[in-house]
Amino acid sequence: MNADVIVVGAGLAGAAAARKLAKAGKRVRVIEARDRCGGRGYAKAYAGDGPQLEFGGAWITPWHDRLRALVPEHGMSLRPRHAIANRLWLRDGVLQGNGAAAPDDVTAHERAIARVAVDSILLKKGLTENEKGEALTGVSFAAYLDRLGCPKSTRDLFSAWWTVSGNGDHHKVAASEFLASCSYDNGLAEGMIRFWSDTVVPGMGVLAERMIAGSGAELILDDPVTQVMQDTGHVEVVAGSQRHRARACIVALGINQMPRIGFTPWLSDSKTAALAAGHGGRSFKLWIRAEGVPVGTLVTGDGSGIEFAFAERAENGTTYIVGFGLMQEGNHPADPAWVRSQAAKLFPNARVISHDWHDWVNDPFARGTWVAALAGHEAGLDAANWRPEGRIAFASSDYARAQAGWFEGAVISGEDAADAVLKFT
């Protein structure tokens, strides 16, 4: 045996599993496909020499207790999100400071806001239909918006918040992703940002790296796993030309990452179906460095391009704006000219200096952004579907039993997987 447990993946889920297993006295080997730890947590110097910014997941909430305990334990700190100082809406090509809806649309707009609030709370209570018998699950975001019958400006507003919640094709991803995010603040989409309270300094990936190092686990980087095979009493993991043997294995990977691994024996039918469907997270996140933008300015757009932009911090006389949109035809987040045109739309007085981003959708070791269940396939992401099979346990924020989609969920899932394999190692 090379180890008691092999952990595949050095993101927060894998790091949390390694930490808990090591505390129980187990020998752990962590194998990671990338040349770094952190998974979808990825902080780097902006444009090569700027401040350290998160290009993957970033914010944590006030109730993310595990992360809040892990950060100081590993010599790190939390940076509070800047307060919203100025709220603007792009409507009919003009920035407005008096709300998302035109005067003639206010009643229909408020009716839609109220309907979303009710539906999100009912979903939070575990219901799959509202009091009108309308489905809350199994329906796409586009179909849900059609059902609301709301003005275009309202659809644009919801679409902006969608880029940081459902974050995928309106016609494919489940509306429940949006409703679940709205439920954080009594059903209000606008309230999502209230609970994005802090970011980890110097970065979430650094936290994962320090957790693994502190556990004493052996870490192997830049070595993609291609096979996981279990037999009586042991598991073999193939990465490159090497075979690694242990008494158990934790596959700490998300839904879109796992199909590149061959499992012997095959995974259960329900897991295989979930992997075949995948998830639809297809947002982009970018940072823009600009002058002339007051820090704390939040702008939601017109349903196209960069739909959500927040002037998150000021450094050396310039402002760093974080922006979100969907990876779809007509959007070109890698193109500086396109980014400047979008910034001019959302921040007319800005002078754009540069921008930077990471393409998670085409990243071969991510194959998408944060988890977004496809309409009709939500059950594949239930934690119950990802119970251990034999000597293999599974861990990811994609299917955590609590706080799924957050790094807190990754930690919870990793700890749960460690508990599972401790029973037979």
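This is a predicted model: local features need pLDDT of at least 70, side-chain atom pairs count only at pLDDT 80 or more; totals for chains, interfaces and linings use all residues.
Trainee: Why are helix H1 and helix H10 called oblique to each other?

Mentor: The axes of H1, residues 12–23, and H10, residues 407–422, cross at roughly 40° and come within 7 Å. Angles under 35 degrees would count as roughly parallel and those from 65 to 115 as roughly perpendicular, and H1 and H10 are therefore oblique to each other. The crossing of these two helices is right-handed.

Trainee: Which residues make the contact between H1 and H10?

Mentor: On the side of H1 they are Leu12, Ala13, Ala16, Ala17, Arg19, Lys20 and Leu21, while H10 contributes Phe407, Ala410, Val411, Gly414, Glu415, Ala418, Asp419, Val421 and Leu422. Sorted by class, the residues of this contact of H1 with H10 comprise eleven nonpolar, one polar and four charged.

Trainee: Why are helix H3 and helix H4 described as oblique to each other?

Mentor: The axes of H3, residues 106–124, and H4, residues 141–148, come within 10 Å and cross at roughly 130°. Roughly perpendicular covers 65 to 115 degrees and roughly antiparallel needs over 145, and H3 and H4 are therefore oblique to each other. Their crossing is right-handed. The meeting residues are Ala112, Arg115, Val116 and Asp119 in H3 and Tyr144, Arg147 and Leu148 in H4; by class, the contact of H3 with H4 has four nonpolar, no polar and three charged residues.

Trainee: How do you know that strand S1 is largely enclosed by the rest of the structure?

Mentor: Strand S1 spans residues 3–8, and six of its six residues are buried, so S1 is largely enclosed by the rest of the structure.

Trainee: How do you know that S1 pairs with strand S12 and with strand S2?

Mentor: Pairing calls for at least two bridges. S1 and S12, residues 242–251, have five bridges in the parallel sense, with valine 5 opposite alanine 248 in S12. S1 and S2, residues 28–31, have four bridges, again in the parallel sense, and here valine 8 stands opposite isoleucine 31 in S2.

Trainee: What makes strand S7 and strand S18 the edge strands of their sheet?

Mentor: That open sheet has seven strands in the order S7-S6-S15-S16-S17-S14-S18, with mixed pairing. S7, 94–96, and S18, 351–357, are the edge strands, and each pairs on one side only. Neighbouring strands of this sheet are turned by 25° against each other on average, with direction ignored.

Trainee: Why is strand S16 said to be largely enclosed, and which strands are joined to S16 by bridges?

Mentor: Six of the eight residues of S16 are buried, so S16 is largely enclosed by the rest of the structure. Three bridges join strand S15, residues 297–300, to S16, residues 308–315, and these strands run antiparallel; threonine 300 has phenylalanine 308 as its bridge partner, and leucine 298 stands opposite phenylalanine 310. Seven bridges join S16 to strand S17, residues 318–326, also antiparallel, where alanine 311 has isoleucine 321 as its bridge partner. S16 and S17 form a hairpin with two residues between them, and asparagine 316 in the turn has a positive phi of about 55°.

Conventions:
Residues are numbered from 1 along each chain as its sequence is written. Side-chain values use heavy atoms; hydrogens and water are left out. Axes are lines fitted to C-alpha atoms, for helices over the stretch in contact, and angles run from 0 to 180 degrees between N-to-C directions. A crossing is left-handed if the near helix is turned anticlockwise from the far one by less than a right angle, and right-handed if clockwise. Contact means heavy atoms within 4.5 Å. Ala, Val, Leu, Ile, Met, Phe, Trp, Tyr, Cys and Pro count as nonpolar, Asp, Glu, Lys and Arg as charged, and the others, Gly among them, as polar. Buried means under 20% relative accessible area, exposed over 50%, partly exposed in between (1.4 Å probe, protein chains only).
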